Amino acid sequence: MNNMVDIIGLTRRYGSRRGIENVSLSIYEGEIVGLLGPNGCGKTTLIKLIMGLLQPDEGSVSVMGLKPTEAHHLVSYLPEQTYLSDWMTMEEAFSVFEDFYRDFDKSKAMRMLEEFALHPEQPLKTMSRGMKEKANLTLVMSRYVPVYILDEPMSGIDPAARQTILDSILRNHNPGSTLILSTHLIGDVEMLFDRVIFMDEGYIRLDRSVEDLRANEGKSVDEYFRELYAPVRGGDYYYVR
Amino acid sequence: MLGKLIKLDFRMVRSQLKWVIPIYALLLTSAFVFKSFNIPVLGTLMYVLGIIATLALVPVVLVLMLAHYYRHFYTNQGYLTHTLPVTSSQRYHAKMISGFLLYVFSSLIAVFGFFIILLTEGISKGKAMYAINEFFKIMDTWPAYIGLSTFAGVLLIIGIWLLMYVSFFTTMSFSVTAGMGRRFNRFGVGGPFLVYIILYVVNQILGFFGLFFIPLSLRISPGDTYLKMRVVTEMPIHNFLDIGVTGQNIPFEEMIERGGGHFDLGLGVFIFSFAFVVFSYFYTKRQVGKVNLR
């Protein structure tokens, strides 16, 4: 299997606060990887570093042997927040994506919009959060790339819509491509993953194949995660040492 | 890709600009109509507003460009901008070019507005072309006062107009980019303001030094009819000390006399400005590719 993402000794701090600390890992061709952990554990920081949206203090990242900023044509990225202007319609967003990405498939995007019951002429400002999430996902999943990176694609989305989004991700990602999906809602998505990476306070707590975890621990990913992290305050998780 | 980035910039700015031009057109039309018919109070009020709007048009467009630069690079929109398959140089150059095109566009509209104002003034006085003809007379004669032909005078105005954009773009792109860099990132949107203030203070100090202590001056002396000017390699501080500081306005003739028949205007300040433009270009272009998005 080819290495798609290589991370070596990556550290990023925010002043005195730790973002991620000395993270090293490789992600391979065709893997579906779950980047899991409570809010603030470093998932988004790691993803931003892979995308070149943050600069590391130490260590290095490469995507298919290229620097993050040189590999944007190889990666389709869904950030945590909406990056389109509110006045834009999906038709306009499609036009932007068609301009910049040769691999963008507009007919696929139109099909996805239809599945999500969204209208191409509807401005983003009139959409609910769930609708915006679906709109962004449509753009990202309508590209044919070797690597997809989705950062919390289901946060703030109701459970019914989550299932629709998940189904869409499964159906629409380029076959044989690598998919990295970060979330703190593990129960909803664990059937998707080949491999899970648990993050905790900027460190990698666990990096294991799902098959191995289930076979050796006799638990689902969600159960194992809950065992490591005990719930406190408002449904968030906290690791019990 | 550069063309596509410029197109994207225009798409993004369009939503902000779409209210500026209609408002300006409305003010200008009102000024024209009410002043031409010499309607008391309202005519004068709209005429003054029309002049203010004409003067403010280019600065307003520049401020919108600045806001766009910040938003497109350093807010949520940056997640799109910085993940497009283009180089940081292309991103930076696209901003520079799209900004310049907007500057040209708004300047042309402002010039058009200026002529409408002149026409309005003429019509209100019963001689439609009066103010416009006066303006062209002045344009024809002023360059001679500084020893230039009319053509050279027009070139000088175009040159200053171009320099204004270069100065604006380099200063604002440097302030925003450095202000959103790692060193100032913790101040949020205050970072660019902080950098701008630091830049301003440094510019003032260097400007003072450049104005008096660099041996490069524009020597202005009275000619037979008009002023004579030539560049000399002398430190302007000597001439300045000869003239002396009185704390009062000195008539130009007296100033020339005290300065030994000439007045030296320090040009060293332009050396620093040029150096900053070059530095800002290379630094900002590089830093645009090293973002730290929140």
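Leu35(A) stands opposite Ser182(A), which lies in strand 7 of chain A. Strand 3 (residues 32–36) and strand 7 (residues 178–183) of chain A run parallel and share 5 bridges; two strands count as paired if DSSP finds at least two bridges between them, and strands (E, at least two residues) and helices (H or I, at least four) are DSSP runs numbered from the N terminus.

This is a predicted model, in which local features need pLDDT of at least 70 and side-chain atom pairs pLDDT 80 or more, while totals for chains, interfaces and linings use all residues. Residues are numbered from 1 along each chain as written, chains are lettered from A and ligands numbered from 1 in written order, and side-chain values use heavy atoms, without hydrogens and water.

Now to chain B, where helix 9 (residues 236–243) has Pro236(B), Ile237(B), Asn239(B) and Ile243(B) buried, meaning under 20% relative accessible area, with exposed over 50% and partly exposed in between (1.4 Å probe, protein chains only). These buried residues fall within an arc of 160 degrees seen down the axis, so they line one face of helix 9 of chain B; the arc is taken from the directions from the helix axis to the C-beta atoms. Just after this helix, Gly244(B) takes a positive phi of about 80 degrees.
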